[in-house]
Amino acid sequence: MGTMATIRRQNRRILNNTKGFGLPIDLLSPDAEEQKDVYCRVVYSTWETSYSSRQDENDQDILTQNPIVTINIEDLDRVPQDGEKWLIKIPQSPLTPDEKIDCTFERPPERNDSIGYVKIYLVKLTQS
Amino acid sequence: MRKYKQIVDSMIQLLGDNANDQFRVIGYRNQGIRSESNFDVNRSVQVVCLGGKVIPGQSPTRGPFTYDIRVLLKIYASEQSKVDLTVLNNPNSTAQQIINALDAKTSAEYEANESAEEIFDLIFSILLDKRNYGLGLEEEVLNGRSLIEWEKLNPLEYGQNVLICINAYINIQVEELVSGVTPVEAVSPIFNVETEIHDSDDTGIDPSIAVVITGGN
């Protein structure tokens, strides 16, 4: 087995690890195809890119979440593309995988075909 | 040069009084502003005096001292993508209905842009209203004010929010008298002229017209 194949296999094993960092998400594609419980890696925050703060009137910091999901391409029936409107439901927190929040993406997903994953920067949907 | 501070404070007060919960006036705190997730009024404006320019050829020791100050208004608006969540959260919604709701989703950048334009129009209307010619002060404090330039900066993405900033520059002409650092004390006159009424008339002078001249200091 070549090195790249090993990396791909390990990548898939990490992302699908149900006992580790893997979390189940649901995807709804623009052609109304639903895919449930796709195990992937969900990062809720990093200090540099995922949180932002400002001071409100009470001088308290308000944080915003910027979840990032990394999904193995082989686990997807259809890979999200730039400009498409997907509904992606992710667990509200790693501790409550059954309580999901509605998200979508506006930035183009980062697709890595050599290792075989797609990274999606999500935004939470709010009521119009 | 104290009037420019007075003018900036008055502008902050004027904007705050007319905000009507449409935006928030931050004032002089020129610090990093980012978006927020659950703040009701996610629009704000900062008023910052960037500096001034003295009109050449003046003598500050004689007459008023005239200069222009440049005030920056930083208008921030942040918004999120909006969609009809009732459709998404309804368990009876079909996949096609959810997709249709997503198709109607507004872009966060569009929402933020609309919000920033609206708030800019509001601030423009407040500050350049003829009734506010003095920017909340007596008209003698400033000689004139005009919006000279504005620019819209690129949208910034912070989490689920998109932030748009509009910078508007206002030029204000100020006329000021130089009073000096220490207060000036009144100088006593050299001569004090007093009228004294004497009890007795042994001097031979009619008391009703007696005048005594004393030395000053």
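User: What share of chain B contacts between residues at least 6 apart in sequence join residues at least 24 apart?

Analyst: The share is 63%. This is a predicted model, and a contact here means heavy atoms within 4.5 Å. For chain A, the corresponding figure is 51%.

User: What makes up the secondary structure of chain B?

Analyst: Chain B has four helices and nine strands. From the N terminus on, they run α-β-β-β-β-α-α-α-β-β-β-β-β. Of its 217 residues, 38% count as buried. The accessible surface of chain B is about 12,900 Å², with 50% belonging to carbon and sulfur atoms.

User: And what makes up chain A?

Analyst: Chain A comes to one helix and 10 strands. Its pattern along the sequence is α-β-β-β-β-β-β-β-β-β-β. It has 128 residues, and 41% of them count as buried. Its accessible surface is about 7,100 Å², of which 45% belongs to carbon and sulfur atoms.

User: Why is Thr70(A) called buried?

Analyst: Its relative accessibility is 13%. Buried means under 20%. The value falls under that cut-off, so Thr70(A) counts as buried.

User: Where does Thr70(A) lie, and what is it in contact with?

Analyst: Thr70(A) lies in strand 5 of chain A, residues 68-72. Leaving aside neighbours within four places in sequence, Thr70(A) is in contact with Leu15(A), Cys40(A), Arg41(A), Tyr117(A), Val118(A) and Lys119(A). Take Glu110(A) as well: Thr70(A) and Glu110(A) are 40 residues apart in sequence, and their C-alpha atoms are 9.2 Å apart in space.

User: Which residues touch the most other members of the largest nonpolar core?

Analyst: They are Ile7(B), Met11(B), Leu15(B), Leu73(B), Ile123(B), Leu127(B) and Ile172(B). The core has 35 residues. At least two residues each come from helix 1 (3-17), strand 2 (43-54), strand 3 (65-80), helix 4 (108-127) and strand 7 (161-176) of chain B. Helix 4 of chain B supplies the largest share, eight residues.

User: Why is it called a nonpolar core?

Analyst: The name requires buried residues of listed types, joined through side-chain atoms within 4.5 Å. Ile, Met and Leu are among those types. In soluble globular proteins, nonpolar side chains tend to be buried together.

User: What is Ile123(B) in contact with, leaving aside its neighbours within four places in sequence?

Analyst: Ile123(B) is in contact with Leu15(B), Phe23(B), Val45(B), Leu73(B) and Ile75(B). There is also a second, separate core of 21 residues, which includes Val69(A), Trp86(A), Ile90(A) and Leu122(A).

User: How many cavities of 30 Å³ or more does the structure hold?

Analyst: It holds one. The largest cavity has a volume of about 50 Å³. A cavity is a space where a 1.4 Å probe fits but cannot get out.

User: What lines the largest cavity?

Analyst: The lining is Leu73(B), Ile75(B), Phe120(B), Ile123(B), Phe124(B), Leu127(B), Leu128(B), Leu147(B), Ala168(B) and Ile170(B). Strand 3, helix 4 and strand 7 of chain B each give two or more residues. Helix 4 of chain B gives the most, with four.

User: How do you know which class these lining residues belong to?

Analyst: Leu, Ile, Phe and Ala count as nonpolar. By class, the lining has 10 nonpolar, no polar and no charged residues.

Conventions: Residues are numbered from 1 along each chain as its sequence is written. Chains are lettered from A and ligands numbered from 1 in the order in which they are written. This is a predicted model: local features need pLDDT of at least 70, side-chain atom pairs count only at pLDDT 80 or more; totals for chains, interfaces and linings use all residues. Side-chain values use heavy atoms; hydrogens and water are left out. Buried means under 20% relative accessible area, exposed over 50%, partly exposed in between (1.4 Å probe, protein chains only). Accessible areas come from the Shrake-Rupley method with a 1.4 Å probe; for residues, only the protein chains shown count as cover. On a 1 Å grid over the protein atoms alone, a cavity is a set of points where a 1.4 Å probe fits but cannot get out, and a pocket is an open set with protein on both sides within 12 Å along at least five of seven lines; lining residues have an atom within 4 Å of a point. Grid points are joined across faces, edges and corners, and a volume is the space filled by probe spheres set on the points.
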